[in-house]
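These are my notebook entries on one model. I record below what I looked up and what I found.

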Amino acid sequence: MTTGDNADASARGLIGYAVLRANFNYEAPSYVDNFAPYVLDALARRHPQAMTEAQVAEDVRNNFGFTIPDRVVGTLLKRASRKNQVQRSDTGYVLTASHLGKVPDVSAEVAKFGRQQQEVSSKFLDFVSGFAPQHLHLVQDEPARHLSHFVEAHAAPLLSHALRGNRRNIEHDDMTGPDFLVNVFIREIGDKDATAFGYVVDLVKGAILAAVVDLGTGQLKRKLRDLHLVLDTPILLKALGFQGAEHQRATTQAIALAATHDAQAVCFPHTIKEVDGVLDSVVPVLRSRGARAGALREVDAHFLDKGSMPADIEIERGNLRNRIRSLGIREVQPPDNHYTYGLDEGALDALLEKHVHYRSPGTRRYDVDSLSAIHRLRKGSSAGDFEKCGFVLITDNVNVIRAARRVDERHEWPLAMHDADMAALLWVRSPAVNEDLPRMQLLATVYSGMQPGGHLWAKYLDEIERLQISGEVSEDDALLLRARPEARSALMTETLGEGVDIDRESIAAVLDRVRDDLQHPVKTQLATAELAREAALHAAQAAQQSQQSEKEQRESVEREVEDLRHQVASMRQAHGAQHESIRERAETHARRMVSVLIYGLGAVLVAGAAVRVAAPEWSNKLPNWLALTFLACGLLVFGVGAWRHFAGGSLREWARKVEKPLARRLERRARRRAGLPDAAS
């Protein structure tokens, strides 16, 4: 197969996992019914050509990238035949004419997820270009293939090794080279790109769903009341949080999910003793601040990164059993029936020695005890179903799993299985109960992939010691290189986790990265402070400009107010002159009217008197009323004179009292005619 064919196959695999995840129906009559559309799609593509079970399985693999076992394809074809969807001939199966147009069309979804896969592949290349441009050549030609390999080899381990029998060999790849670049990329999008990370999580879920189909057709709906998950030392360390928060969340979620299916999480007393021994072995690591030779275990890295002290380890050891019980993990005693269901522990010990590179014989002895106890608890044999095996050791050591499969062929279900496999089998039973479990498992896998392997770490420590002795690395720098988590990350970035030669240049590159990482928060704070200073300066300038603008607006308003005041004063002055003119005219008019009245009366009196004196004979002929008038006028004149005599004042002064109200009345009438308000307004 050419490089282009490999890339196309990897891309189809990623798309197929996404399509399977999107269309999987957890309420289907049986698990394998979810794969029927892909079998029918293969027949529709080749219609009217008849296809065998093997040809259909190959067609599904070529088009969607995942494998449906031939026996499962046969089961689905027989079910479709009973539903009159396909018919069987001498050369295989063919779709019936009535069902040809009813096969679900997945082409639109294939195109949709193809675009998503291309987008993620593009983001992966962009990330590597910025993160480690010197390694871009490793992945730029086939990014989809590297993403697919990571999912199948690390994120969905069921694809790497079958759970039953030896149909596939267990392959355990260290997370090095391109796998490490994918690992760091997934960590990056997990923090910063929820959309791309969600797509990768769906790929993992689809891969798990595709892998579990190999287990059978009906077991996944059975209860797990008789199943005991015996947790090995590494799994207890994860559940207790001694290998990081990511592992703890993933493991405790899996234990909780097992409880919902009535399965029991248990451990052996000697496993608790081994956990205690692991904690005790961390103390020298803490005292040397990571300078102790040998592999740096995840438990060592955890307590180093926390800055723990030996006293903290003693506290954890004292609370160990209580904490295990608080997690819902029960302690069980191994049965004492070696003679009845005896296992050749010598042969088992030799197998473990061959497949597992132990740091101490005591650790190998604990594994022998655990596998032998599982064998005896099963009474020497087990069924081939996860639900019926009774007891199974849950570990993360694939070499122990490899050795356990060669112990006794009477165990159709292996004595030990991977913790990720266990979590996957629990999740596919009720994914809606804990939809987030594959995501937690993926994050735990990514976290583990950031730690250097034992061989690389040992070479790294040896080179640091050599440079420290020669004086090329100071004691303080050596401490940074051994103890800081940034150093481990930098080492993996520089070497991609591969067993390359560690020399002075690579140590210097790691040290530079560590210093940059340690200075990054300070630089970030300085940059933030500078941005804050500039923002404050801009704000002050803006405030000053605002104050100047407000001052100018205030002065403008004051000028407008002053202008209005002048206008009002001018109007008042003009109105005052007009009021005064009207008042003077009214008073003059009133004076004239009173004067006319007085002078008229006076004239009448004078005229009457004159007539009476000048022509007495003629005046005698006048009517009486006229005489009375003269008399009245005379009396009036007499009264005015009397008033002047007794009350004082002149006639003019008396007239003024009549003139004033008369003038006011005339003034009001004149204002109304001029359209002016009254004087009071």
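**Cavities.** I counted 5 cavities of 30 Å³ or more in the structure. On a 1 Å grid over the protein atoms alone, a cavity is a set of points where a 1.4 Å probe fits but cannot get out, and lining residues have an atom within 4 Å of a point. Grid points are joined across faces, edges and corners, and a volume is the space filled by probe spheres set on the points. The largest cavity has a volume of about 110 Å³. I found 14 residues in its lining, with Ala155, Ile208, Ala420, Ala424 and Gln441 nearest its centre. Two or more lining residues come from each of α6 (143-155), α8, α18 and α19 (437-449). Helices (H or I, at least four residues) and strands (E, at least two) are DSSP runs, numbered from the N terminus.

**Basis.** The model is predicted: local features need pLDDT of at least 70, side-chain atom pairs count only at pLDDT 80 or more, and totals for chains, interfaces and linings use all residues. Residues are numbered from 1 along each chain as its sequence is written, and side-chain values use heavy atoms, with hydrogens and water left out.

**Second largest pocket.** A pocket is an open set of grid points with protein on both sides within 12 Å along at least five of seven lines. I noted a volume of about 710 Å³ for the second largest pocket. It is lined by 24 residues, and Arg187, Tyr447, Met450, Pro485 and Ser489 are the closest to its centre. At least two lining residues each are supplied by α7 (178-192), α10 (245-260), α19, α22 (485-495) and α23 (504-614). I found the largest share, 6 residues, in α22.

**Sheet.** I traced an open sheet of 5 strands in the order β5-β4-β3-β6-β7, with parallel pairing. Two strands pair if DSSP finds at least two bridges between them. Strands β3 (residues 228-231) and β6 (residues 391-395) run parallel and are joined by 4 bridges. Here Val230 stands opposite Leu393, and Leu231 has Ile394 as its bridge partner. On to β7: β6 pairs with this strand in the parallel sense over 3 bridges, and Ile394 stands opposite Met417.

Which way do the residues of β6 point? Phe391, Leu393 and Thr395 point one way, Val392 and Ile394 the other way, and all are buried. Buried means under 20% relative accessible area, exposed over 50%, and partly exposed in between (1.4 Å probe, protein chains only).

I also checked helix α18 (residues 419-429), which lies across β3, β6 and β7 and runs at about 80° to β7. Axes are lines fitted to C-alpha atoms, for helices over the stretch in contact, and angles run from 0 to 180 degrees between N-to-C directions.

**Cores.** A nonpolar core is a set of buried Ala, Val, Leu, Ile, Met, Phe, Trp, Tyr and Cys residues joined through side-chain atoms within 4.5 Å. The largest has 142 residues, and Phe66, Leu442 and Tyr460 have the most contacts inside it. Helix α8 (residues 194-212) gives the most to this core, 12 residues. A second, separate core has 22 residues, including Val230, Val266, Leu343 and Leu351.

**Arg287.** I placed Arg287 in helix α11 (residues 269-288). Arg287 is exposed, because its relative accessible area is 66%. Met309 is 22 residues from Arg287 in sequence and 7.9 Å away in space, C-alpha to C-alpha.

Methods. Contact means heavy atoms within 4.5 Å.
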